[in-house]
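Please read the following report alongside the sequence and the three-dimensional model.

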Amino acid sequence: MIVDRRSLLLRTGAAAAALVVADRAAGQTHDMAGMDHSTMDHSAMQMPATRPPAPTPTGPRDPRYTPVRTLNGWTLPWKMVDGAKEFHLVAEEIVHEFGPGSKATCWGYNGSTPGPTIEAVEGDRVRIYVTNRLQEHTTVHWHGLILPSGMDGVGGLNQPHIKPGETFVYEFTLRQHGSHMYHPHADEMTQMAFGMMGLFIIHPRGGEAVPIDRDYAFILHNWALHPGTWRPDPSVMVDFDLWTFNSKVFPAIDPIVARTGDRVRIRMGNLSMWNHPIHLHGVEYVVTGSDGGRWPQSQWRRDVTSIVGVGQMRDIEFTAVPGDWAFHCHMAHHTMNAMGHGVPNPTGVDQDDLEAKVKAMLPGYMKMGRNGMAEHQEHTDGGHPGPPNTMAMMVGNGQFGNIEMGGMFTTVKVRDDLARGDYRDPGFYQFPKGTVARRVSTDPNFGAPVRRSI
Ligand SMILES: [Cu+2]
């Protein structure tokens with residue numbers, strides 16, 4: 001019967017919301033299909049337990065650099081042992097919240113996805129213990145680092161796998177600076193799809209010619225968290241429904257906060273399966289570096305949108321200008337949360353008659369999309385239920401109304417009066433009088449605009 005309802009919706013051109021309702025209904029009937037489920041792993045359908053957030057551990061400071069601010073994340077403390085900075089990563093299963101109403105059982109390091117940022121200085125000797133608390137083997141590859149072949153972390157190629165319960169040690173000297181990452185190179189597709197990744201930032205020895213006031217970093221990723229499930233699906237290749245900065249979606253992504261005139265750097269890595277054109281409003285930024293370190297100044301280039309390719313890092317820098325500025329991937333679907341794809345286009349379709357017919361079979365059905373999709377946020381904010389554990393497609397409220405975004409979107413908030421080191425969200429920007437676009441008419445025939453004949 002569910003199949004019949006779903007095919008009816010598809011045939012009749014119902015909107016995305018209707019398909020989600022149908023998906024939900026289908027999900028609820030899986031266990032009624034007469035199959036023998038006694039040997040099936042139901043973990044994908046079980047709500048993970050909530051743990052209170054733990055305080056972020058801190059460690060000693062190295063005075064030679066301004067620490068990186070990992071969006072929604074943290075930096076791994078180290079200790080000095082026998083001339084090396086010693087770190088300890090733990091690969092483990094975690095419960096992660098992508099945003100309000102959407103959490104999943106993921107894999108990460110030291111209790112988080114992404115794992116904590118490793119931060120050090122060019123020339124440092126680092127010793128990194130990796131303990132495997134997963135139920136399958138793993139390794140860690142230090143993405144972009146110049147190191148001895150046996151430390152490169154490709155399971156089978158460079159080292160034996162780290163089996164469940166084992167601890168391996170990596171040790172090498174940092175021979176470069178720049179923005180880098182770490183991730184598994186064992187069952188890589190699955191382990192990365194579950195959230196195993198982290199940043200590895202190496203500051204230049206001797207400081208930087210152009211100093212940075214605020215240094216942000218995040219990793220771009222994609223997830224297939226099907227409506228009504230609680231584990232990401234690693235087999236999905238293109239049709240993802242969560243697009244994240246540091247495993248968070250808008251509006252749960254921290255704002256990038258700066259004081260007017262600050263020199264801000266944002267380091268962006270990409271461990272997703274798409275390229276992301278990252279766009280910043282309000283300034284022309286300068287692309288200044290990559291996995292290859294901070295480029296010579298002659299190679300810096302001005303841009304407002306820059307593609308961060310899969311497996312790449314890109315550093316951008318700019319001088320902060322007061323305001324609230326959007327900062328996002330420019331792939332329009334990457335600034336949305338979960339949605340039904342492949343739905344017949346409802347734009348311009350009179351669904352009044354259809355709604356009553358579908359409601360007879362699906363009481364929760366709501367027609368949508370005749371005049372565009374903006375009403376989606378009004379419906380979801382108004383309490384219209386979606387599938388369990390699923391972010392609404394578009395969310396967020398600004399001081400002037402709905403922001404209608406999701407996924408890879410956050411704001412750069414620049415204020416004149418922020419103290420150095422203050423990263424708290426300063427709230428909405430107070431626009432100087434007369435500087436906001438305003439209504440001058442409610443008449444569609446206002447004025448005499450030049451138009452081509454329609
Ligand atoms: Cu994108």
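## Model and confidence

Residues are numbered from 1 along each chain as its sequence is written. The structure is a predicted model, in which local features need a pLDDT of at least 70 and side-chain atom pairs count only at pLDDT 80 or more, whereas totals for chains, interfaces and linings use all residues.

The pLDDT, which is the predictor's confidence in each residue on a scale from 0 to 100, averages 88 over the chain, and 88% of the residues score at least 70.

## Overall composition

The chain has five helices and 24 strands, where helices (H or I, at least four residues) and strands (E, at least two) are DSSP runs numbered from the N terminus. Of its 454 residues, 41% count as buried; a residue is buried if 20 or more other C-beta atoms lie within 10 Å of its own, exposed if 12 or fewer, and partly exposed in between, with C-beta atoms placed from the backbone. Among contacts between residues at least 6 apart in sequence, 75% join residues at least 24 apart.

Five strands form an open sheet with mixed pairing, in the order β13-β24-β21-β15-β19, two strands being counted as paired if DSSP finds at least two bridges between them. Because β13 (256-259) and β19 (305-308) stand at the edges with a single partner strand each, one side of each is left without a neighbour in the sheet. The twist averages 20° from one strand to the next, with axes taken as lines fitted to C-alpha atoms (for helices over the stretch in contact) and angles running from 0 to 180 degrees between N-to-C directions. Within this sheet, β15 (residues 276-280) pairs with β19 in the antiparallel sense over four bridges, and His 276 stands opposite Val 308 in β19.

An open sheet of four strands, also with mixed pairing, has the order β5-β10-β9-β7. Its edges are β5 and β7 (141-143), each of which has a single partner strand, so one side of each lacks a neighbour in the sheet. From one strand to the next the twist averages 25°. The strands β9 and β10 (residues 198-203) run antiparallel and are joined by five bridges, and the bridge partner of Met 181 in β10 is Leu 199.

## The nonpolar core

A nonpolar core is a set of buried Ala, Val, Leu, Ile, Met, Phe, Trp, Tyr and Cys residues joined through C-beta atoms within 7 Å. The largest such core has 82 residues, and those with the most contacts inside it are Met 181, Phe 200, Leu 242 and Val 249. Strand β11 (residues 214-223) contributes the largest share of this core, six residues.

## Strand β12 and its surroundings

Four bridges join β11 to β12, the two strands running antiparallel, and His 221 stands opposite Thr 244 in β12. Leaving aside neighbours within four places in sequence, the residues in contact with Leu 242 include Phe 98, Leu 225, Asn 337 and Ala 338.

Trp 243 counts as buried because 27 other C-beta atoms lie within 10 Å. With neighbours within four places in sequence again set aside, Trp 243 is in contact with Asn 222, Val 249, Cys 329, His 334, Gly 407 and Met 408. Trp 243 and His 333 are 90 residues apart in sequence, and their C-alpha atoms are 8.8 Å apart in space.

## Backbone details

Two cis peptide bonds can be described. One joins Thr 113 and Pro 114, with omega about -5°, and Pro 114 is found in the loop between β4 (102-109) and β5 (118-121). Another runs from Phe 250 to Pro 251, with omega near 15°, and Pro 251 lies in the loop between β12 (242-245) and β13.

Positive phi values in residues other than glycine also occur. Phi of Asp 187 is near 40°; this residue is found in the loop between β9 (178-183) and α3 (188-193), and counts as partly exposed because 19 C-beta neighbours lie inside 10 Å. Phi of Glu 404 is near 60°; Glu 404 is found in strand β23 (residues 401-405) and is buried, with 20 other C-beta atoms within 10 Å.

Key: Contact = placed C-beta atoms within 7 Å.
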